[in-house]
Amino acid sequence: MGTLAAQNIYYYFKNSNIFSEIKRKVLFGSYYTSNSAYYKAVLSQYANFSSYIGIFTESMKLRTVHTNSSIQQGVLGRSAKCVIARHGRPDFVFTEKKLSILVYKWKFNGLKTRCEVHLYNNQAFLINYIYNQLDRSERSYIIDSISKKYLGGYINELNLNNSKISDNNNNLILVDDFLMGLKISYLCSSESDWYEAIISEMTERKDKYEEHIKTSERRFLDKI
């Protein structure tokens with residue numbers, strides 16, 4: 001489906017409140033889905049999929065820099081079982097129908113991060129590393145580490161705030177430099193199954209909602 005159609009669907013769901021109530025379920029046997037208000041607020045934004053299409057749409061505006069190194073090859077495109085085998089038991093699990101988000105809380109070299117592995121139809125398509133409350137040196141360390149790993153000689157020439165890194169499979173690295181922290185996103189190629197499947201489901205939801213509105217209007221007109 002074309003980018004324009006994706007954008008139209010994205011803005012439709014972004015501005016609507018349908019499907020905003022998320023049911024909490026237990027996933028993968030003993031893994032616990034957080035009931036905390038914080039995680040509910042943070043993760044429920046993804047339930048209607050507009051955030052995912054928004055991430056992809058915004059990525060298209062960025063300059064592309066190529067890397068020969070594979071981006072998160074051990075996680076992107078893999079099942080929940082593979083992710084858990086690699087990273088261990090998640091601290092939280094969020095689930096809504098075909099969508100699952102595994103949340104890990106880690107600390108590397110004194111830097112705390114929340115890692116979110118997003119899966120659709122049991123296939124990981126997005127990984128977010130969220131670092132909060134960073135000082136300038138910590139921020140630079142993270143950016144420099146990513147640049148050295150994936151770009152080598154380009155490190156002094158590249159601004160990752162207006163660029164994206166793309167590998168041979170068209171998987172992406174995106175950097176969001178917010179007020180007091182960083183969000184590093186690793187996004188599976190739009191050519192993968194997740195993109196078309198999510199677009200299709202969003203379209204189906206939109207059609208059902210519009211049909212519901214039409215049915216309600218007909219019932220109203222019949223009564224007056």
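**Figure 1. Aromatic pairs in the predicted model.** The structure holds 8 aromatic pairs, a pair being two rings of Phe, Tyr or Trp (its six-membered ring) with centres within 6.5 Å. Planes under 30 degrees apart count as stacked, those over 60 as edge-to-face, and the rest as tilted. One of the pairs joins Phe 49 and Tyr 52, which are tilted at 35° between the planes with 6.3 Å centre to centre. Phe 49 has a relative accessibility of 1% and counts as buried; the term means under 20% relative accessible area, with exposed over 50% and partly exposed in between (1.4 Å probe, protein chains only). Tyr 52 is buried as well, with a relative accessible area of 1%. Another tilted pair is made by Trp 106 and Tyr 129, with 6.0 Å centre to centre and 45° between the planes. This pair links distant parts of the chain, since Trp 106 belongs to strand β3 (residues 99–108) and Tyr 129 to strand β5 (residues 123–131), 23 residues apart. Trp 106 and Tyr 129 are both buried. Tyr 46, Phe 49, Tyr 52, Tyr 120 and Phe 125 form one aromatic cluster.

As the model is predicted, local features need pLDDT of at least 70 and side-chain atom pairs count only at pLDDT 80 or more, whereas totals for chains, interfaces and linings use all residues. Residues are numbered from 1 along each chain as its sequence is written, and side-chain values use heavy atoms, with hydrogens and water left out.

**Figure 2. Helix α3 and Ser 59.** Helix α3 (residues 50–59) is largely enclosed by the rest of the structure, because 9 of its 10 residues are buried. Helices here are DSSP runs of H or I with at least four residues, strands are runs of E with at least two, and both are numbered from the N terminus. Among the buried residues of α3 are Tyr 52, Ile 53, Ile 55 and Phe 56. Ser 59 also lies in this helix and is buried, with a relative accessible area of 3%. The side chain of Ser 59 reaches the backbone oxygen of Phe 56 at 2.6 Å. Such a polar contact is a pair of N or O atoms within 3.5 Å; within protein, one must be able to donate a hydrogen and the other to accept it, and residues adjacent in sequence count only if both atoms are side-chain atoms. Leaving aside residues up to four places away in sequence, Ser 59 touches Lys 164, Leu 172 and Leu 174, where contact means heavy atoms within 4.5 Å.

Figure 3. An open sheet of 8 strands has the order β1-β6-β7-β8-β5-β4-β3-β2, with mixed pairing; two strands pair if DSSP finds at least two bridges between them. Its edge strands, each pairing on one side only, are β1 and β2 (92–96). From one strand to the next the twist averages 20°. Helix α5 (residues 136–150) lies across β4, β5, β6 (163–166), β7 (172–178) and β8 (181–187), and runs at about 25° to β8. Axes are lines fitted to C-alpha atoms, for helices over the stretch in contact, and angles run from 0 to 180 degrees between N-to-C directions.

Figure 4. With 9 of its 10 residues buried, β4 is largely enclosed by the rest of the structure. Strands β3 and β4 pair in the antiparallel sense over 10 bridges, and Tyr 120 in β4 is the bridge partner of Leu 99. The hairpin of β3 and β4 has 2 residues between the strands, and Asn 109 in the turn has a positive phi of about 50°. β4 and β5 are also antiparallel, over 7 bridges. Across this pairing, Tyr 120 stands opposite Gln 123 in β5, while Tyr 129 in β5 is the bridge partner of Cys 115. β4 and β5 form a hairpin with 2 residues between them; Asn 121 in the turn has a positive phi of about 55°. At 48% relative accessibility, Asn 121 counts as partly exposed.

Figure 5. Gln 72 is found in the loop between β1 (63–66) and α4 (80–87). Although not a glycine, Gln 72 has a positive phi of about 45°. This residue counts as buried at 17% relative accessibility. Cys 115 is buried with a relative accessible area of 0%, and Cys 188 is buried with 8%. The structure has 0 disulfides, a disulfide being a pair of cysteine sulfur atoms within 2.5 Å.
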